[in-house]
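Here is a friendly tour of the structure shown below. Keep the sequence and the 3D view open as you read.

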Amino acid sequence: MTEDDIEVMQKIFNPGSVAVIGATASSDRIGYNLLDSLIYGGYKGKIYPVHPKLKEILGLPVYPSTLDIPERVDLALIALNQRDTVDVLEHCGKLGIKGAVIVAGGFRETGDEGRALEKRLVEITKEYGLKVVGPNTLGIMNLEAGLNATFYPVSLKKGNVSLISQSGGIGFSIIQKCSDEGVGLNKFVGVGNRTVLEISDCLEFLAGDSGTKVIGVFLEGVENARRLVQVAGKVAHRKPVVIYKVGQSNEINEATLTHTGSMAGPYKLFRDIFNQYGVLLAGSVPELVASCKALSLCRLPAGGGLGLFTYTAGPTIVALDRLAGRKISIPGLAPGTVRRIKAILGENLPVVLKNPIDTGGLGTRPGTYGLLVDAALADPNFDLLVTFCCPHKNWPNPTRELIAAHQKSHKPVLTCYISTVKGVEEDREALQQAGIPLYCSPDEAAWGAAALIHYSRRGGALHGNA
Amino acid sequence: METRRIIENVRKSGRTFLTEVESKELLAVRGIPVVSCRVARDEEETVRMAHECGFPVVLKVNSPYIIHKSEHKGVFLNLGGEQSVREAFRSIRRNCAAVDPEASVTVQPMIKKGVEVLIGVIADRQFGPVVAFGLGGVFTEVLKDVVFRMAPVSTEEAEKMVYQIRGNRLLRGYRGYPAVDTLSLQKIITGISQLAVEVEDIEEMDLNPVVVFPRGAMVLDARIKLC
């Protein structure tokens with residue numbers, strides 16, 4: 001991507017004005033919902049709905065054609081069928097519009113006619129220097145600019161995680177999970193057919209985007225995986241990239257004649273090569289979101305020594321299971337930490353002190369939880385700490401104690417409250433405000449810790465990216 | 001230059017598969033250690049070469065039409081003397097007559113036991129040249145213990161590959177077996193990855209087995225397919 005390309009993308013995500021071409025008054029249509037999303041999302045720039053006959057939609061004056069719009073818009077959202085889309089795109093090009101989002105499907109995925117249309121689309125973009133997101137996409141968002149240019153009117157929390165998705169449906173699944181988890185979003189790109197703007201282009205753009213701290217990617221597959229992994233690897237030196245790739249079934253290519261060829265299951269290849277380039281892979285939407293969440297809220301640990309603190313053993317065992325095979329060190333306790341914990345809980349403990357630190361029933365007493373977390377965080381063997389608890393009707397949650405302990409230490413703290421997502425809303429808000437990600441399952445807490453350790457190992461510029 | 005010449009010769013004869021002799025010649029040009037392999041066209045020549053090579057020897061069928069030599073019963077190992085060489089030569093001729101009645105054989109020294117690994121290349125549609133490393137010989141297909149890297153592969157990545165396979169204990173020494181020379185494996189991996197990047201018409205390449213010893217490693221068999 002050239003600097004000019006980046007500039008066009010900046011305009012696409014921060015448009016001063018937007019045209020909705022194919023806006024309609026009927027709420028079951030895409031054109032209506034693109035408009036509704038812009039309004040509902042709080043977009044502050046000028047909106048120009050375009051429809052040949054209608055006069056007003058959702059309180060906005062309608063323009064009969066793109067030619068009637070009194071200014072050159074920065075972004076055209078096109079909600080027409082595939083044939084009309086291509087014609088309108090050419091009009092946009094002639095008017096000097098540089099950015100467009102094309103929602104319609106019916107291009108190369110449908111056969112010869114669609115392929116021919118897509119070819120023409122590419123020619124138009126080249127001729128007029130247009131950048132297109134899609135076709136066949138949910139759209140884009142930039143929460144920083146109050147821009148929801150998708151056909152799903154939603155209200156989302158603003159933050160520093162940006163997402164690139166090859167699927168609208170899973171893109172939405174990730175967005176919703178982020179909402180549940182209190183993860184603030186910055187930008188979203190549904191790349192669709194990737195006819196003009198590729199995933200690698202979006203990665204390069206987000207790498208230089210000041211609002212984006214972490215990039216999450218949902219990937220089905222691309223033709224030029226070589227460029228993708230090279231770009232992702234390069235970007236991952238500047239800011240964390242987490243990729244969830246589907247297609248894990250290891251179907252093999254029976255047509256190959258050598259052993260090497262027949263053993264290269266597509267996912268195995270993908271996994272080894274993305275690891276080679278240091279990009280973190282997630283195996284599911286929850287893992288992707290848990291990883292992005294930790295990377296969004298925490299600073300990176302100085303090393304990989306992971307401490308676990310609990311008063312109930314099971315969750316830590318599950319967490320350790322999730323970490324198995326990732327070469328994560330679970331160091332023992334320093335002698336000073338054992339002495340410190342015994343000074344708090346008494347000499348004759350009914351439990352053996354080791355890592356995970358399991359204090360049993362003694363750990364639930366108010367007042368002691370914070371002291372114990374202080375002790376664990378002070379252990380020189382630990383670079384980060386995950387704490388576990390089970391919220392209870394009659395026992396206060398250790399939220400304030402965790403925040404206080406975290407403020408005294410430079411080490412990242414992650415916490416797992418075994419609960420429903422709704423049950424700990426206030427705690428989540430307070431903890432995450434203070435930079436402590438709260439998870440409702442030990443699996444997710446483990447994934448979060450693993451993501452921090454992965455990127456702490458890459459070192460360099462990433463550590464300054466707090 | 002030498003690499004190009006070997007490939008052009010194969011192209012001229014209308015083939016995309018390099019024979020073992022051609023594959024090893026190409027590897028040797030790149031400084032990769034291969035077990036020498038001389039072509040003999042008849043029984044007497046075979047016997048003479050076996051004597052020159054020193055017993056025990058290995059006889060393999062050599063034909064542009066035969067890719068999987070064992071499947072055609074075209075490989076005889078550990079031949080201790082002249083009589084067994086003669087018998088093996090006749091067997092190969094008989095077994096392979098249906099495919100190539102004029103097949104010659106290669107005479108190679110029988111190499112002492114070591115750990116057998118596989119080093120390979122595939123030109124992947126999406127990633128381009130990719131290098132594979134794994135357990136070789138009979139374990140290749142059974143265990144599928146292979147790891148991949150996109151070429152070119154750095155020395156550090158080659159080292160990681162060697163230790164990433166599940167069976168890496170076989171390389172580090174176990175139950176009285178000594179640790180093997182993983183450095184020489186890394187050299188072959190990086191050499192092969194460089195070859196894969198430079199020679200764009202390699203579609204697949206198998207060095208299998210590569211035998212690695214406490215000191216040194218050698219390519220025992222190789223096949224290369226062009227696009």
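## Chain B and its domains

Chain B splits into domain 1 (38–109) and domain 2 (113–226), with bounds that come from an automatic or database domain assignment. Over C-alpha atoms, the centres of domain 1 of chain B and domain 2 of chain B are 27 Å apart.

This is a predicted model, in which local features need pLDDT of at least 70, side-chain atom pairs count only at pLDDT 80 or more, and totals for chains, interfaces and linings use all residues. Residues are numbered from 1 along each chain as its sequence is written, while chains are lettered from A and ligands numbered from 1 in the order in which they are written.

## The fold of chain A

Chain A has 16 helices and 19 strands; these are DSSP runs, with helices being H or I of at least four residues and strands E of at least two, numbered from the N terminus. With a radius of gyration of 25 Å, close to the 23 Å from the globule rule for 466 residues, chain A is as compact as a globular protein of that length. That radius is taken over C-alpha atoms, and the rule is 2.2 Å times the number of residues to the power 0.38.

## Where the chains meet

The contact draws 19 residues from chain A and 25 residues from chain B, where contact requires C-beta atoms, placed from the backbone, within 7 Å. On the side of chain A that touches chain B, α7 (225–235), α8 (259–263) and α9 (266–276) of chain A each give two or more residues. The largest share, five residues, belongs to α9(A).

Conventions: Contact = placed C-beta atoms within 7 Å.
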